[in-house]
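Thanks for coming. Please have the viewer open.

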Amino acid sequence: MSDTSDADDGDHDGADADLIAALREAEAVLFGEFELSHGGTSDYYVDKYRFETDPTCLRLIADAYAERVGDAKLAGVALGAVPLVAATAVETDSPYVIVRKAAKEYGTGNRIEGELAEGEEVVVLEDIATTGQSALDAVEALREAGAVVNRVLVVVDREEGAADLLADHGVELESLLTASRLLENR
């Protein structure tokens, strides 16, 4: 199984161009030397907080996600994907859950916040995929809670192994944009 990004699909070229333009306008695509969360370095960085706090970017992402999620329950990976899942839920009029990186140590102690039924189909929404480990951790937590999870949607796939890692666990990675597409004509 490989990345099934719609980035090369002719039906989405205009939407891709609009999203790329919005990300650049929001100054969410930065160039230089950056350390990534998995410890590697990169000559570019996609700043999720810049695009998740920009209403134009958020609207475009929520619209694109809404076209792809179908009837599945939505799940956002905390903290980065919470604005994305909330905006998409409003767009689709669907409830959602939030998957924490770990169960909280106070209050209810939940790792998954929100209502989730046994056997419910869930699509995980994430911001950026590099290795895919945080998305996989969310998938595994949801599966342990009884959900059926076969897809992860991301804004940008950095094309650094996430699709393969998720595929190894029976999960399809779908991205709005790939790094290759995002960095064309930079």
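**Strands, shape, backbone**

Start with the pairing: β3 and β6 run parallel to each other, joined over four bridges. This is a predicted model, so keep that in mind throughout.

Look at V123, which stands opposite R151 in β7.

So how covered is β6? Of the nine residues in strand β6, residues 121–129, eight are buried, and the strand is mostly covered. A reminder while you look: in a regular strand, side chains alternate between the two faces of the sheet.

Step back to the whole chain. The protein chain has seven helices and eight strands. Its radius of gyration is 16 Å, close to the 16 Å that the globule rule gives for 186 residues, so the chain is as compact as a globular protein of that length. The C-alpha trace spans about 45 × 35 × 35 Å along its principal axes.

Burial next. Of the 186 residues, 47% count as buried. Take contacts between residues at least 6 apart in sequence: 62% of them join residues at least 24 apart.

Surface and charge. The accessible surface is about 9000 Å², and carbon and sulfur atoms hold 45% of it. The chain carries 15 positive and 40 negative charges. Their mean positions sit 5 Å apart.

Last topic: the backbone. Most peptide bonds are trans, and most residues other than glycine have a negative phi.

Which peptide bond is cis? The one from A78 to L79, with omega near -5°. L79 sits in the loop between β3 (73–77) and α4 (82–92).

D93 lies in the loop between α4 and β4 (96–99). Is D93 buried or exposed? The cut-off for exposed is over 50%. D93 has 72% relative accessibility, so D93 counts as exposed.

Find E159 in the loop between β7 (148–157) and α6 (162–167). E159 counts as partly exposed because its relative accessibility is 41%.

That's the tour. Questions, please.

Key. Residues are numbered from 1 along each chain as its sequence is written. This is a predicted model: local features need pLDDT of at least 70, side-chain atom pairs count only at pLDDT 80 or more; totals for chains, interfaces and linings use all residues. Side-chain values use heavy atoms; hydrogens and water are left out. Helices (H or I, at least four residues) and strands (E, at least two) are DSSP runs, numbered from the N terminus. The radius of gyration is taken over C-alpha atoms; the globule rule is 2.2 Å times the number of residues to the power 0.38. Buried means under 20% relative accessible area, exposed over 50%, partly exposed in between (1.4 Å probe, protein chains only). Contact means heavy atoms within 4.5 Å. Accessible areas come from the Shrake-Rupley method with a 1.4 Å probe; for residues, only the protein chains shown count as cover. Lys and Arg count as positive and Asp and Glu as negative; His and the chain ends are not counted. The place of a charge is taken as NZ of Lys, CZ of Arg, CG of Asp or CD of Glu. Two strands pair if DSSP finds at least two bridges between them.
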